[in-house]
Each structure stands twice: as structure tokens, then as C-alpha cells.
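This report goes through selected helices and the contacts between them. The sequence and the structure come first.

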Amino acid sequence: MSKNVAEDGVEEKREIKKKKELGGLRTMPFILANEICDRFASTGFHANMITYLTEVLNMPLVPASNTLTNFRGTASFTPLIGALIADSFAGRFWTILVGSIIYELGLVSITISAVLPSLRPSPCPTKENCKEASDLQLWILYISLLLTSLGTGGIRPCVVTFAADQFDMSKSKVASRGWNFFNWYYFSMGMATLSALTIVVYIQDNVGWGWGLGLPTIAMALSIIAFLVGSPLYKKLKPGGSPLVRLAQVIVAAVKKRKAVAPADPSLLYENKELDATISVNGRLIHTDQFKWLDKAAIVTEGEATSSNPPNLWRLATVHRVEELKSIIRMLPIWAAGILHETSSSHQHSFTIQQARTMDRHLSSFQIPPASLSVFSILTVLIGIVLYERFFVPLARRFTQNPSGITPLQRMGIGFMVNILATIVSSLVEIRRKAVAADHNLLGNPRAIIPISVFWLVPQFALHGVAEIFMSIGHLEFLYDQSPESMRSTAVALFWIAIAMGNYLGTLMVTLVHKYTGKSRNWLPDRNLNRGRLDYYYWLVTGIQVLNLIYYVICAWLYTYKPIEEVVDAMEEDDADLARGGKDGSGDGDVELARTGTVQAQR
């Protein structure tokens, strides 16, 4: 008997050692190679797509912009489906792999349509009485965009969480590292985006759309190969079952016990370490006093206390599962602020490219492709992340005593403010551009090059880059850190859902502005931007962002960070006991906290 116990102990230690040998920095070249190639492909595909639709398929500006915004919205909505599949049963590895293959099929189909003349309308250099794309040609475009949107659903919510899974992301380990995973993840993506904006966009504008779309297609194929090669090294966490079912079980159990009286001592609420093992690998959530009505789901009735049968989770939920739902509820108001943030900026990239086409884009003898102007935003992000990590964080740490310098909520708030400044600058630059056009009598000529340098657009791109360093990275870090660990793919999907809803609302806003601002002085005309009032549109966007900032500040002020009982490595258990002041964490199994090496931390 003792021999079997000893053998089981040895086998368990081997399993723990094997798990520790997986993951780590050595997996990053393979995971990030996949994400870098994917970002290179998606950026190269989408960055200049407004030009493909208006110049090759001869679509009017507003329908073309709305088409891209709608499919960007769809591509940001599908991550919720992919995340639920990954968290429920498939796991992140297989979800990423299948999503990448579907994305590749979409790239192949649109590349073929760009190569074959029969799948695009005749060229229209004058931009007058142009023959638009036929229904067949548009359907090929839509199917291609739909496939890339579906593929994105498997990639976006899982890659960042899968990469983070390879490290110990507990608060104590993150504080001791001295570097922020999300900053450097975003830096890698910025490098890929920069390459796409400089190389792919130049090829699209100067070589042809066949090679311009073929290059991202090849890059995506290479990303799939790189991801597969690193498979033996990955730490692959088991999915913990459908998070939506668990949330529904808590709600149903709370409703069924709505007349029950919760005990004054929260430690009497139901806890079950074994039941929560797969969904609390890094630590269980601790009871909080918010949303106490949901605590009714964890009340142990007399019949349940004496029953030897497994608990019916539709009638009795553990404290950890109740706190999962509470965490999601707490996050939603903060998450919602990102929707209007995206609404305000969803169409700005498309309009800025059209502005750039009317401006002097020469740098010596080289002519800058309009879509490549985004390179200034990306360069700002790349340089800004390094400055943020090396200078801003140490400086802020002196005042806040926070290992990260500032909290994700503070970081997001700064991003909101900088983005408002960027939109104001956009309006002022458009006023200047039109004034120069009027001085040279070029307002009536949509194809004329206005004698104003395209570098007037650089400040707004740089400011958008600064806003991204604070808002986008802070938002992603907040959702990952504050979500229950078994729902992190779903939480990252919320990041993209906010973008999806923002894009759809942006389409609605642009459509209404286009429809109700008249024909003669339309703010957003179909063909001639010089006759529009794009500056008015930017002021409208500024007002929306100011209201959104006020809403966000209120939500952030009232937010409570989740408390978690972090799991400590078995070899460090003695240290954990000292940290707890020598308290005995023993209990009697189901109702009491089970004995584990843990440290309570506010997350």
C-alpha cells in the first residue's frame, strides 16, 4: 500500500516537472511568428482595402467605407464565438489553428479575384460615369471578407491568451519580472504592422494588387507552419467547460434560492476545491460584498449539507463561480466605454486616406502611398512602448508604489484624453487643407493635388499612436487581468466585441450624417471630399468622445478590483505560510476553504 502511495507521489512530481518544462520564453518565437505573420497579412490586406474598393472595384466612397467597417465589425464580433469554443471544449491551440486555415482560404480567394480580369470591372481613371463591380464580383469580395472575418474569430481572442498561458501571470510573478508582457506583445504586433504598411502597401500601389494581396497570403501560410512546428513545446491548458453555462447556473441557482437567507459569515457559503480545480489553476476567487443577491446561489441548504450526491450546479454554486459572474458584471461598464471610443474613430482611417490622396505626398523623388501614412502611428507606438517601459513606468512607480507604474484603468483614461486631442487636430488639419484648396481654386476638382504637404496629417497619426499605447494596451491588460482565468479568451473577445459594436455604430453614424446633411453641402460626399464638411464630422466625433470620457471616469472611480487567492508553488509553501502569519489553512472539505498554499492578492 505504502509502495503504491510512494509511486503515485513520484508520478505526480514527474507530471508537475513536465508541466514546468513546457511554455516559457522558448515558445514565443513560434507563437509570435504566427501572430506576426497573421498581423502582417491582415494589415497588408485591410490597410489599403479602401483604395481597392474605390479604385479597382469603382465603389463610391461611403458604401466602400461602410462595407469595410461592417466587415471589420463582423471580424471583431466572431472572436466571441471563437473564444467560447476555445474556453468550452476545443482549447486555444486548436481554435487558433483552425481559425488560421479559414483566414488563409479568404486571402486565397480575394487574391485570385485580384489576378483574374474577369472578376473586376474595367478601370475608370477619370472617376466619372464609372462602371461599378457586378453582383458576382461583389459576392466574391464579400465571401472573401467573410472567410477572413470567421478566421479572425479563432485567432484574435486566443493568441494573446495562449501566449500569456506560457508564463506565470500571477501578480507576484508579474511584479518581479520588470517587464510587461502586454507591452512587448503589442510591440511585436507593431513591428509586423509597420512592415505591412511599408512593404505591402507600396507593392499594391506601385506593382499591382495580385502581388499586393499575394504577399499577405504567403505570410499567412508561413504563420500556420511556424505555429505547428512549436506545438510540442506549448503549455496547453485544458478548457474548463462552457463559461456561459456556468454563469447561467449561478443566475438560476440564485433565482431558485431567492427567498433563502444568506449566512452572516461568508465562510459558510459553499466551496469545493476539487469541483473548481480546472477553472482555478492559478487561484480561486475570494468572496466579495458586492452584488450580495448572487450569494444566494452558494447557500448550502440542510438537504444539500447532508446529501452524499454530487451537487446540482443549477441549484448550488461555489463561491468561486459566483465571483466569476460578479467579476464579469464589474467589468462590463468599463468595457462599454471602449464601444463609443471605437465608434468615434471607426471611419477616420478611411477618410484620412482619401484626404492624403489629394495632398502633396512627395518626399524628395519618392511618393508616399496614402495608406502608408499609418506608419507614423505605428512608429509612435513602437517608440512609445519602449519609452513607456523604460522611463514612464519607473518614474510613475516612485509616486504610486505600483510595480506597473499606473493601473490599467488610469492608463485607459489617459488614452481617452489623448484620443480627443487627436480628433481635434484632425479637424484643424482638414480646415487647413480645404483653405489651401480654395486659395488655388481646386475645390471642384476631386483628382487635383492640393499644394499642401501630406505631412500635415502626421501629428494626428502620432497622437492616435500615443492614445493606442495607453488605451488599447491598457484595455487589453485590464480585461485579461480582471477576468476569471477560465474565461480569459472570452474576456479578450470582449475587447474585439467592443470594436465590433463601435464599428457598427460608426457605420450608422456615418450613414445618418451622409443622409441628413444635404446634397449640396454634404459633410461626407461620395466623390469629392473637397466639397464636404469633414471637419464638422470630426467636431461631432470630438463631442461624443468627451461625453464618453465623463462616463468612463465615473465608472473607473467606482470600480473594485477582484480579490484572488493565488496558488503558490508547492516548494514555496513554507514561505506562503510565513506570508500568512503562520495561519493554519486546514478545513473540512467542501464547505470550508481547502488546505492549499495560497496568498490573497487584490487583482
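Ser188 lies in helix 8, where helices are DSSP runs of H or I with at least four residues, numbered from the N terminus. Its relative accessibility is 15%, so Ser188 counts as buried (under 20% relative accessible area, with a 1.4 Å probe and protein chains only). Leaving out residues up to four places away in sequence, Ser188 touches Leu32 and Ile36; contact means heavy atoms within 4.5 Å.

## Basis of the values

The model is predicted: local features need pLDDT of at least 70, side-chain atom pairs count only at pLDDT 80 or more, and totals for chains, interfaces and linings use all residues. Residues are numbered from 1 along each chain as its sequence is written, and side-chain values use heavy atoms, with hydrogens and water left out.

Helix 2 covers residues 28–46. Its 19 residues reach 26 Å from first to last C-alpha, close to the expected 27 Å, the expected span being 1.5 Å times one less than the number of residues. Of these 19 residues, 14 are buried, so helix 2 is largely enclosed by the rest of the structure.

Helix 4 (residues 61–90) has 30 residues and spans 41 Å between its first and last C-alpha, close to the 44 Å expected.

## Helix 8 against helix 9

Helix 8 (residues 181–206) and helix 9 (residues 209–229) have axes that come within 6 Å and cross at roughly 155°. Axes are lines fitted to C-alpha atoms over the stretch in contact, and angles run from 0 to 180 degrees between N-to-C directions. That angle makes the two helices roughly antiparallel (over 145 degrees).

The crossing is left-handed, meaning that the near helix is turned anticlockwise from the far one by less than a right angle. Helix 8 contributes Ile199, Val200, Ile203 and Gln204 to the contact, and helix 9 contributes Trp209, Trp211, Gly212, Leu213, Leu215 and Pro216. By class, eight of these residues are nonpolar, two polar and none charged (Ala, Val, Leu, Ile, Met, Phe, Trp, Tyr, Cys and Pro are nonpolar, Asp, Glu, Lys and Arg charged, and the others, Gly among them, polar).

## Helix 12 against helix 16

Helix 12 (residues 319–345) packs on helix 16 (residues 458–482) at an angle of about 165°, with the axes 11 Å apart. The pair is therefore roughly antiparallel, and its crossing is left-handed.

On helix 12, Ser327, Met331, Ile334, Trp335, Gly338 and His341 meet Met471, His475, Phe478, Leu479 and Gln482 of helix 16. This contact has six nonpolar, five polar and no charged residues.

Terms used: Parallel < 35°, antiparallel > 145°, perpendicular 65-115°, else oblique. Buried < 20%, exposed > 50% of the residue type's maximum accessible area, 1.4 Å probe, protein only.
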